[in-house]
Amino acid sequence: MDVTSVATQVSDLATTGAASAWLLAGNFLILVGLFVVMLLFSYKAGRGGIISLLVAFYAGYAIYMVFPYTQQIIAAGGTPMMKAIISIIIFGIATFIPFHFVQRLSSGGFGVLSFFPRFLLSFLAAAFLLALAYHVFDISDIYSFPAPIDQLFAPEGYFFYWFIAPLLGLLFLVH
């Protein structure tokens, strides 16, 4: 085996590996994007902020589900795109209010969150939001997610696990 042959094989392997990594990253781009937003938020708002946000997600979901006019307001959107946008806005409002209450109640009482719990809680928050996008906001009606994301988030049976994951993260990572 000559040097040129080895160099060509290494180059082909590097090119194939880079293409595969790029394809994998592209498939999970929406999850990575949400994760980065959550991670940046956790650094900006601190330990109390990310914990308050996770708790507010659950309160926001509950308010969204029991608000008596949710379906009528969403139906007024007409197109699937408008319905999804309206759903997200209602959930955002329903989450924003509890977030401020929980943050006021928890301010100063949490200390510092190390990198690994912050990283994992940010990922779980992003996954929670993506699961809501699939099962509550019907984003999949207007956007065709890549197959790996569909396999992780589309099945009805997985919604429970993505829904409960941030609570388990809080239980085991926040002391």
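I took buried to mean under 20% relative accessible area, and I kept in mind throughout that this is a predicted model.

**Ser-87.** I looked up Ser-87 in helix 4, which spans residues 80–106, and since its relative accessible area is 3%, I noted Ser-87 as buried. I then followed its side chain and found that it reaches the backbone oxygen of Lys-83 at 2.9 Å. Setting aside neighbours within four places in sequence, I listed Tyr-64, Ile-74 and Phe-137 as the residues in contact with Ser-87.

**Asp-138.** I next turned to the loop between helix 5 and helix 6 (147–153), where Asp-138 is found. I recorded a phi near 55° for Asp-138, a positive value in a residue other than glycine, and I set beside it the reminder that most residues other than glycine have a negative phi. With a relative accessibility of 38%, Asp-138 went into my notes as partly exposed.

**Helices 5 and 7.** I examined how helix 5 (residues 115–135) packs with helix 7 (residues 156–173), and I noted an angle of about 155° with the axes 9 Å apart. Angles over 145 degrees count as roughly antiparallel, and the two helices, helix 5 and helix 7, are therefore roughly antiparallel to each other.

Definitions and conventions: Residues numbered from 1 in each chain as written. Predicted model: local features only at pLDDT ≥ 70, side-chain atom pairs only at ≥ 80, totals over all residues. Heavy atoms only, no water. Axes fitted to C-alpha atoms, helices over the stretch in contact; angles between N-to-C directions. Helix = DSSP H or I, 4+ residues; strand = E, 2+ residues; numbered from the N terminus. Parallel < 35°, antiparallel > 145°, perpendicular 65-115°, else oblique. Buried < 20%, exposed > 50% of the residue type's maximum accessible area, 1.4 Å probe, protein only. Polar contact = N/O pair within 3.5 Å; in protein donor to acceptor, adjacent residues only side chain to side chain. Contact = heavy atoms within 4.5 Å.
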